[in-house]
Amino acid sequence: MVKLGVIGCGGIATHQLSTVWPESAFELVAGADIRPEQLDSFREKFGMQRGYADYHELLRDSAVEAVMICTPTWLHAEMAIAAAAAGKPTFLQKPMAMCSYDCYRTMQAFEKAGVGLQIGFVRRFDNDWGTLKRVVDSGELGRPLVWRQFAGSAAPARPFFMNKMEGGGPMIDGMVHNYDFASYCFGEPVWVKSNPAKIRLDVTAWDTGTVLIGFEHGDQAVVSWTWGLPEGVQTSSATEVIGPNGVLFFPGSFDAKKAEGKINPQTESAYLMLLKGGVEKVIPFTRNNMFKEELLHFAAWVAAKTPPRVGADTGLRSTRIAEFALAGGGLF
Ligand SMILES: NC(=O)c1ccc[n+]([C@@H]2O[C@H](COP(=O)([O-])OP(=O)(O)OC[C@H]3O[C@@H](n4cnc5c(N)ncnc54)[C@H](O)[C@@H]3O)[C@@H](O)[C@H]2O)c1
């Protein structure tokens with residue numbers, strides 16, 4: 001069992017630890033949070049042994065073998081650099097930092113310390129998004145491809161998400177998952193275009209935007225999101241990939257009846273591919289808990305002293321895309 005310390009015992013830390021509790025790969029030695037009620041909650045839920053108001057004390061705790069950082073994004077770089085200096089292998093939530101310079105400084109701190117850093121791109125561990133990667137790699141749709149996604153909802157409740165300096169809004173916080181996964185599928189980004197917009201007047205971050213990313217082999221990703229809607233309101237949502245040989249529809253983006261009889265609905269879901277002449281192909285996958293898989297990977301590489309699968313380079317690249325997206329565009 002890995003002896004874990006958690007910095008930022010809030011929403012995502014609670015959700016993610018719950019997926020591996022109680023039959024855990026971790027022993028929760030310590031937590032740090034500026035809200036005492038969160039430390040109490042961690043003691044109760046996960047049997048956490050020690051709670052600190054100051055995260056530096058957690059990093060000085062010699063019983064802590066590895067650290068998970070789940071604080072608001074503007075604090076990530078400062079805390080991760082301190083964790084590297086303390087020699088603690090670290091799992092750092094996405095986005096890696098608010099700007100690429102901070103990502104770069106963080107990456108260098110871990111390299112210098114010779115310590116591993118995993119970035120929380122949880123969709124890398126999802127069988128659902130993994131199916132997209134499999135289809136892209138199979139070449140069945142041909143190349144180049146254009147991945148298009150439209151979605152929208154209210155912003156997450158915690159105020160830092162919609163503060164320009166602390167969370168940055170959906171064009172960094174939410175879409176960064178797409179920036180990373182598109183790069184995983186398509187390779188290095190070469191240009192970004194965007195139209196940051198605001199439909200809410202009470203927040204400092206851009207709440208709405210469409211981002212276009214061009215990749216090295218001519219593929220593109222288009223992500224259009226809003227977090228500007230009132231509580232309880234959602235847009236329709238569609239995700240598809242188009243290529244010279246057809247279209248790939250994500251689960252939820254096609255009539256689910258088409259997969260009936262072809263999947264076990266208890267355990268499986270499916271993509272749908274529409275090919276030349278109207279040929280339909282159902283592509284099933286077994287649903288999994290990506291948050292659980294991601295944490296188990298963290299425990300595994302810490303114990304084996306091997307590098308993580310999703311390292312600092314992924315955080316730097318996707319934060320750089322976010323930086324360009326928030327600025328209206330740019331060339332890599
Ligand atoms: N991977 C995902 O899908 C996913 C999902 C949600 C959030 N996140 C990311 O996780 C991070 C946290 O998000 P959240 O929703 O859990 O937020 P949250 O506000 O629920 O939790 C953050 C916690 O950090 C604590 N904190 C703030 N300042 C601190 C400090 N100086 N020292 C110690 N603790 C401090 C807060 O009190 C809070 O309990 C964000 O970067 C967010 O983008 C990732």
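How many nonpolar, polar and charged residues does the shell around the ligand have?

**View 1. The shell around the ligand.** By class, this shell has 11 nonpolar, eight polar and five charged residues, where Ala, Val, Leu, Ile, Met, Phe, Trp, Tyr, Cys and Pro count as nonpolar, Asp, Glu, Lys and Arg as charged, and the others, Gly among them, as polar. The structure shown here is a predicted model, in which local features need pLDDT of at least 70 and side-chain atom pairs count only at pLDDT 80 or more, while totals for chains, interfaces and linings use all residues. Residues are numbered from 1 along each chain as its sequence is written. Of the 24 residues around the ligand, the ones that come nearest are Gly8, Gly10, Gly11, Ile12 and Gln93; a residue is near a molecule or strand if its C-beta atom, placed from the backbone, lies within 6 Å of it. Helix 1 (residues 11–19) provides the largest share of the shell, three residues. Helices (H or I, at least four residues) and strands (E, at least two) are DSSP runs, numbered from the N terminus.

View 2. The domain assignment gives domain 1 as 2–123 + 290–311 and domain 2 as 126–287 + 321–331, with bounds that come from an automatic or database domain assignment. The C-alpha centres of the two domains are 27 Å apart, and 12 residues of domain 1 are in contact with 15 residues of domain 2, contact being counted if the C-beta atoms of two residues, placed from the backbone, lie within 7 Å. On the side of domain 1 that touches domain 2, the residues divide into eight nonpolar, two polar and two charged.

**View 3. Helix 5 against helix 9.** Two packed helices are described by the angle between their axes and the distance between the axes. Helix 5 (residues 100–113) packs with helix 9 at an angle of about 170°, and their axes are 8 Å apart; axes are lines fitted to C-alpha atoms, for helices over the stretch in contact, and angles run from 0 to 180 degrees between N-to-C directions. Helix 5 is therefore roughly antiparallel to helix 9, since angles under 35 degrees count as roughly parallel, over 145 as roughly antiparallel, 65 to 115 as roughly perpendicular and the rest as oblique. Ser100, Cys103, Tyr104, Thr106, Met107 and Phe110 of helix 5 meet Ala312, Gly315, Leu316, Thr319, Arg320 and Glu323 of helix 9. By class, the residues of this contact are six nonpolar, four polar and two charged.

**View 4. Helix 7 between two partners in contact, helix 9 and helix 6****.** The axes of helix 7 (residues 176–186) and helix 9 (residues 312–326) come within 9 Å and cross at roughly 120°, so the two helices are oblique to each other. In this contact Val176, Tyr179, Asp180 and Ser183 of helix 7 meet Thr314, Arg317, Ser318, Ile321 and Ala322 of helix 9, and the residues divide into four nonpolar, three polar and two charged. Helix 6 (residues 127–138) packs with helix 7 at about 30°, with the axes 9 Å apart, and is therefore roughly parallel to helix 7. Trp129, Leu132, Lys133 and Val136 of helix 6 make this contact with Phe181, Tyr184 and Cys185 of helix 7, and by class the residues are six nonpolar, no polar and one charged.

View 5. The peptide bond from Trp21 to Pro22 is cis, with omega near 0°, and Pro22 has its place in the loop between helix 1 and strand 2 (26–32). The bond from Arg143 to Pro144 is also cis, with omega near -5°, and Pro144 lies in the loop between helix 6 and strand 7 (146–152). Lys305, a residue other than glycine, has a positive phi near 55° and is found in the loop between helix 8 (290–304) and helix 9.
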